[in-house]
Amino acid sequence: MATQKSARTATPASTRPHPDATRRSQRSRQAIYDAALALIGEVGYPKTTIEGIAARAGVGKQTIYRWWSSKAEVLLEAFLDLGEQAIEAQGQEAAYAIPDTGDIAADLKAVLRATVDQLYDPKFEAPSRALAAEGLVNEQLGREFVAKLLEPSLQLHVDRLRAAQEAGQVRPEIDPRIALELFVSPLAQRWLQHTAPVSYAYTDTLVDYALHGLAPR
């Protein structure tokens, strides 16, 4: 008696759907970002390790070392991703720009108040401090931190001050890149070194003091 063949034919291996490696890789990266940021907030930068990040993310540490060479690099990329998520959450498709209402003082005060809020946002504060501190002793990371995080933000202030120059609100000979340091740098110093309280009143005063010296004579 002949043996009946099964009606179901095995699917050739070559035609079976394969897992999406790109999607899996992105999930792993996001898990690593989230783990790094969470650990920085919970135990601080010095106690955060690659092994700890890997365990928290549910990946092998070799996976992390395949993409990054240090926890500093992981944190920098995680922080950049956090910023991109914040932009997307606000429904912004393009890079942020300082509003130009025609009132340079009001616009600068508004953006500095928003900066204060972000500096003390629990999601941003710990990684921001960690990256700033590590950048002082790790020259390569420091350069990347400035190029990828600080410089784009500073350029927004330059652009707004140049617009104010064109409107006759700031003296034409002023160098905007130097001028912005009159209010950005003092804020950064107070926040980083805890030299004094940081408040809206403080940043408003920084703008008033700076613009008093920049106004047309």
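Val146 lies in helix α7, which spans residues 139-166; helices here are DSSP runs of H or I with at least four residues, strands are runs of E with at least two, and both are numbered from the N terminus. The structure is a predicted model, in which local features need pLDDT of at least 70 and side-chain atom pairs count only at pLDDT 80 or more, whereas totals for chains, interfaces and linings use all residues. Residues are numbered from 1 along each chain as its sequence is written, and side-chain values use heavy atoms, with hydrogens and water left out.

With a relative accessible area of 36%, Val146 is partly exposed; buried means under 20% relative accessible area, exposed means over 50%, and partly exposed is in between (1.4 Å probe, protein chains only). When its neighbours within four places in sequence are left aside, Val146 is in contact with Glu151 and Pro152, contact being defined as heavy atoms within 4.5 Å. The C-alpha atoms of Val146 and Gly135 are 8.8 Å apart in space, and these residues are 11 apart in sequence.

The protein contains 10 helices and zero strands, and its pattern along the sequence reads α-α-α-α-α-α-α-α-α-α. Of its 217 residues, 35% count as buried. Among contacts between residues at least 6 apart in sequence, 63% join residues at least 24 apart.

Helix α5 (residues 104-119) packs against helix α10 (residues 200-214), their axes coming within 9 Å and crossing at roughly 145 degrees. Axes are lines fitted to C-alpha atoms, for helices over the stretch in contact, and angles run from 0 to 180 degrees between N-to-C directions. The crossing of α5 and α10 is right-handed; the term applies if the near helix is turned clockwise from the far one by less than a right angle, and left-handed applies if it is turned anticlockwise. On the α5 side the contact is made by Ile104, Ala105, Leu108, Lys109, Leu112, Arg113, Val116 and Asp117, and on the α10 side by Tyr200, Thr203, Asp204, Val207, Asp208 and Leu211. By class, the residues of this contact comprise eight nonpolar, one polar and five charged. In this scheme Ala, Val, Leu, Ile, Met, Phe, Trp, Tyr, Cys and Pro count as nonpolar, Asp, Glu, Lys and Arg as charged, and the others, Gly among them, as polar.

A second contact of α5 involves helix α9 (residues 181-193), where the axes come within 12 Å and cross at roughly 20 degrees. The helices α5 and α9 are therefore roughly parallel to each other, a term for angles under 35 degrees; angles over 145 count as roughly antiparallel, 65 to 115 as roughly perpendicular and the rest as oblique. This crossing, too, is right-handed. Leu108, Leu112, Thr115, Val116 and Leu119 of α5 meet Phe183, Leu187 and Trp191 of α9. The residues of the α5 and α9 contact comprise seven nonpolar, one polar and no charged.

Side chains of opposite charge can pair when their charged atoms come close. The whole structure holds 13 salt bridges, each defined by a side-chain nitrogen of Lys or Arg within 4 Å of a carboxyl oxygen of Asp or Glu. One of them pairs Glu77 with Arg29, with 2.9 Å between the closest N and O atoms. This pair links distant parts of the chain, as Glu77 belongs to helix α4 (residues 71-89) and Arg29 to helix α1 (residues 21-43), 48 residues apart. Glu77 is partly exposed at 27% relative accessibility. Lys61 and Glu51 form another salt bridge, their closest N and O atoms being 3.5 Å apart. Lys61 is in helix α3 (residues 61-67) and Glu51 in helix α2 (residues 50-57), 10 residues apart. Lys61 is partly exposed at 41% relative accessibility, and Glu51 is partly exposed at 40%. A salt bridge also joins the side chains of Arg177 and Glu181 at 3.1 Å, N to O. Arg177 is partly exposed at 28% relative accessibility, as is Glu181 at 37%.

Most residues other than glycine have a negative phi. His194, which is not a glycine, has a positive phi of about 55 degrees. His194 is located in the loop between α9 and α10 and is exposed at 58% relative accessibility. His212 is placed in helix α10 and is exposed, with a relative accessible area of 70%.
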